Structures are given as structure tokens and as C-alpha cells.
Amino acid sequence: MKVQPKNVIVYILVIVLLTVILFPFYWMFASSLKPIEEILTRNPMLVPIHPTLSHYIDLINPAALYGGWERGGRFFLIFIQNSLIVAGGSTVISVFLSVLGGYSLARFRYKGRELIAGSMLFVYMFPGVLLLVPMYELMSKAHLLDTHLSLIIVYVTFSAPFSVWLLRSFLETIPVEIEEAAMVDGTSRLGAFFRVMLPLAGPGIVTVATFSFITAWGEYMFSAILMFKDTMKTVPTGLAMYMGYQYIEWGMLLTGSVIAVIPVLLLFLPLANLFLKGLTAGAVKG
Amino acid sequence: MRIASRSLPYLLLLPTLIWVFVLIVYPFLSAAQLSFYSSKYGVTLGEFVGLKNFYKLLFEDDMFWIAFKNSIIWTFGNLGIQTVFGLGGALLLNEKFRARNASRTLVIIPWVIPTVVISLIWRWMLEPSMGIVNAILSWAGIMNPDEPFLYLGSPSYAMLVMIIINSWRFTPFAIVLILAALQTIPLELYESSDIDGASRLQKFRNITFPLISPILGFVGLFAFVWTFNLFDLIWLTTHGGPANATETLPLLIYRRGFAEFRTSEAAAISIIMFLFLVVFSIIYFRRMLRRAE
């Protein structure tokens, strides 16, 4: 390939774009490895001079309960546990609902089908902040404040409709003949669904699951109004609890951030291509 | 068996529909109801006051209009930046170059990161005395280290800084969607215009833009609704401050509802925002359709 001046410009612009997007994450990571003297300085170095894992150890070590970062050491693992329960629970329910709903919208012809599909997208657009007050009232009446279940219910509400929409566009790409062939061979619709459709829909289901998990893992607003006890907080509200306005323990918070990002990247990066395909297929169609 | 298979598609959708109804439609209606009452702390409905909450907000409450104005600046600022850079980024990543797929994946990362992390990273980078941004600026001689820029602490610049942070986060999403739209354009169109000797700009104006504008319009509406209602990033980063510089309507809902416990007022703000969004969407769709004709 010849090197053309136009190509050089493209490469330079791509590098600039990627630097602007990725540098802040590098900076978070680098800072989390710096000892406190290298953090609290007017002249920060681009790389940690004396890298240390001390923030990580303090954050995870239960013995830090009465020392160091207030109560943070002990609680951080609980935040992670809460987030895993809430994100995991809402992902399972969301996937279940979207497999049923997506299959219905993709495979049957009936009245109101397009209307329902469209309203799924509309619901996804519906701003959660407008439901802040009534959602709190609802959970309070149902005695669900301070429970994992309340957050799972809320997160499914906001991820299931879009998941239905997303999965439908996946399922529509699977030729109906494959399923029919299985049914001709004497398999029931249910059997054909489990043996033929589900395996083929695997990538779509994985995409939907990733979407639901990431949404729930990072959600702050509802967690902030539905969880009161420190031991019930999720990673976002837990970290926010330590973001005071006068004094901030940067080392510990940035380390907490790195840990909060890890599951998201582990899930997202391997699936990114699939995820983007599903997302954009839905959008371009819409 | 026949009846079962006819109702099957509805049965499959039923759980999702019920879920959505119970958790979106019902709460929304109860918010509408609350907005006509005088509920505090949300324990009881209080007494029926008709439109009093709305009247108070619209005609007696300076804070409401400050937040409304901030919301408008916030929304259009974000949309402006994200459209321009989203389009630019998409055109860039649509070029052929090595590591193109990897770049596309990396670009979207800010979008999947938890908001609280985004907020922390930027508060850290923009920290006036220890942040990397001011360190670079004073190293480059642009800023006097004894008079550091305040960014999020400055009443005049906090809104602009917040808009830039949020655009940094969501432009990648715009890039990816616009990129998907670009790839639906058949290459033959460009080839035939090459034969006609069209310039790059002409090709963009006559082929690219008209073909992606329906998608731009659709994404634009989504982005408008989301940005207008965005709560977490602003709340976590500035708490609406300094001096209400970044207090938008969603923050006002939160403050009224969960810090001051004026539940009915918070519900009334939600209803006003909802009506505003409905009216805006209708006007927007009309214009989009008219342009499409």
C-alpha cells in the first residue's frame, strides 16, 4: 500500500481521536498505582515513579474497617457484591422477557405487532428521571426500599423493552425455513425453538445480556433514592458516598473506579463488535 | 390447540407488557395525580390543590426558570457539539485504514463506563491544583500556576465544562450510529459521481448527507430526550453548582423530591418536562416529515 498524504492525515486524526477518548482512562489507572505523594502534587508525572498496589489492598482489605479510608475498605467488597446481585438478577429477567417478546415479534404476524415493537423503543426513550418520585412511592408502598429486588425491578423496566427490540432484529435475520424444517421433521414448535432458534440466536442473546448488565452495573440515580443503608449501596452509589466536596481521597476513589470498570470492559470488549452490530441494526432500521 | 397457537404471540409478549405497564404507565399516572395535591414527604397525598403547584412553579419560582434555562443551554450545547464531532468522527472512521475495527471498538468505551467513574475521572483531571489539565497548561506557559483555572468550580464556566465532559462521553455513541448509517449507502452512488467528477464536498452534500439525514433526525430526537433528562453526571460532578450554574430540571426534581421533600412540586416538574418533551417531539417529527417529502 502506498503512503499517500491523505492517509497520513487520517492516521494523525485517528490517533488524536483515540488519545482524547482513552487518555482519561489511562490517567485514572496510572493515578491508582501512585503513592499518595505522587498524587497530591502540583507536578504530576505521566507514569507512576514508585508504583504501588497499596490503594488496592486498602480498598479490599476488610481489616481497613477502623482505619485508613473511614469505613471504605470493608464496604467496597459489599458494594461489588450488591452490584453483582442486582446486575445479574436484572440481566437474567431481562433476557428471559426479551427472548419471549423478541420471538413473538419476529416470528408471528398479528394485529398491533408493529405498534408494540415501536412502543418498546418509545419506552426505552422514556426518561427515568420523570419516574423518580412515583417509583420511590411505589417501592415504599411495596416495602421494597433497601432491597436488591427494588433495583432489579427498576432495571428490568428500563432494559427489557429495548432488549425485546434488539433481539427481534436479531431473530429476524435467522431464516424461518430452518425452524420450519425442524418442525416438518416432527419437532414441536417448542422443540424447534429450543433446539434450533436458541442456539442460532446465541449472539443476539449475549448482546442483550451485555446491554442489561452494563446498564444495571453503572446505574446511579435509582440506586441513590432506593438504597439507604450503606451496606445496600451498589458500586456507583457506594463510590459516590465517598466523593465529598471538601476533601476527597483520590487514590482510593480512583482505585475503586478502576475496579468498577474492569467487569464492564471484560464483558464489553470481546463482544463489542456483536454489540455494535445489534445496536446499529436496530437503530438504522428504526 | 388452535386457540392456543393464535394467542401464543400475545402470551409471549404479555410479561413484558405487564411489567412496563405496572412500572412505567402506573407510576407516571400516579405522578400526574400527585402533581395536583400538596404532598410532602410523599407519605400521604395531602389535599387537592388543583393547578396550584404548576402556577407556583411557572409564575413564582425563580429556581424553576433558572433550571429551565440551564436545561435548554445544556441540551442544545450538547447536541451541537455531538452532532458536529459525531459526524466528523464517523466520516473519519469510515475511511479505510489499518486497525479500523479496533478503533471503532475503542471509541465506544466511554459510553459503557459507569457514570460515577466518568465523573470521578474528570473531577480528578480538572482538579485546580493537582489536576493534569492545569499541570499541562502551566507547563506550556498558558496558565499562571498561582491562579489556576477552576473549571467545575467557576460559575461562569462550569456549564460549558459539563457540556464538554458529557459530549466527550456521548459523541462516541453518535459516531457509531452515524457510521452505521454511512455504511448503508451503496458504494455505486459514489462511483458514478466520481465519473461525473464530483468533489468531496459535493459528494457529501448531494449523496452522504441526504441519505443519512433520516437517521440523524431519529438519533437526534433520542439524544434530545436523553440529554434533556440527564441527571447522574451533572449531579455527581457539580451537584448543580456552583451558584446553580449547572442546576437543570432533572436536578431540581431530585432536590425538591428527595432533599426538600416537596413531593408534589417534584411531581409537577416531571409533568411539565413531560409535556414539554411531547410538544417538542411532535413539532420535531412534523418538521422531519415535511423535509422528507
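Q: How many helices and strands are there in chain A?
A: This is a predicted model. Chain A has 13 helices and zero strands.

Q: OK, and how do the elements of chain A run from the N terminus on?
A: They run α-α-α-α-α-α-α-α-α-α-α-α-α.

Q: What share of the residues in chain A is buried?
A: Of the 286 residues in chain A, 46% are buried.

Q: And the contacts: what percentage join residues at least 24 apart in chain A?
A: 71%, counting contacts in chain A between residues at least 6 apart in sequence.

Q: Switching topic. Which domains is chain A divided into?
A: Domain 1 covers 5–52, and domain 2 covers 65–285.

Q: How many Å apart do the C-alpha centres of domain 1 and domain 2 of chain A lie?
A: The two C-alpha centres are 31 Å apart.

Q: How many residues of domain 1 of chain A are in contact with domain 2 of chain A?
A: Six residues of domain 1 are in contact with six residues of domain 2.

Q: Which elements give two or more residues to the domain 1 side of that?
A: Helix 1 (5–32) and helix 2 (36–39) of chain A.

Q: Which one gives the most?
A: Helix 1 of chain A, with four residues on the side of domain 1 that touches domain 2.

Q: What's on that side of domain 1 by class?
A: Four nonpolar residues and two polar ones, with no charged residues on the side of domain 1 that touches domain 2.

Notes: Residues are numbered from 1 along each chain as its sequence is written. Chains are lettered from A and ligands numbered from 1 in the order in which they are written. This is a predicted model: local features need pLDDT of at least 70, side-chain atom pairs count only at pLDDT 80 or more; totals for chains, interfaces and linings use all residues. A residue is buried if 20 or more other C-beta atoms lie within 10 Å of its own, exposed if 12 or fewer, and partly exposed in between; C-beta atoms are placed from the backbone. Two residues are in contact if their C-beta atoms, placed from the backbone, lie within 7 Å. Domain bounds come from an automatic or database domain assignment. Ala, Val, Leu, Ile, Met, Phe, Trp, Tyr, Cys and Pro count as nonpolar, Asp, Glu, Lys and Arg as charged, and the others, Gly among them, as polar.
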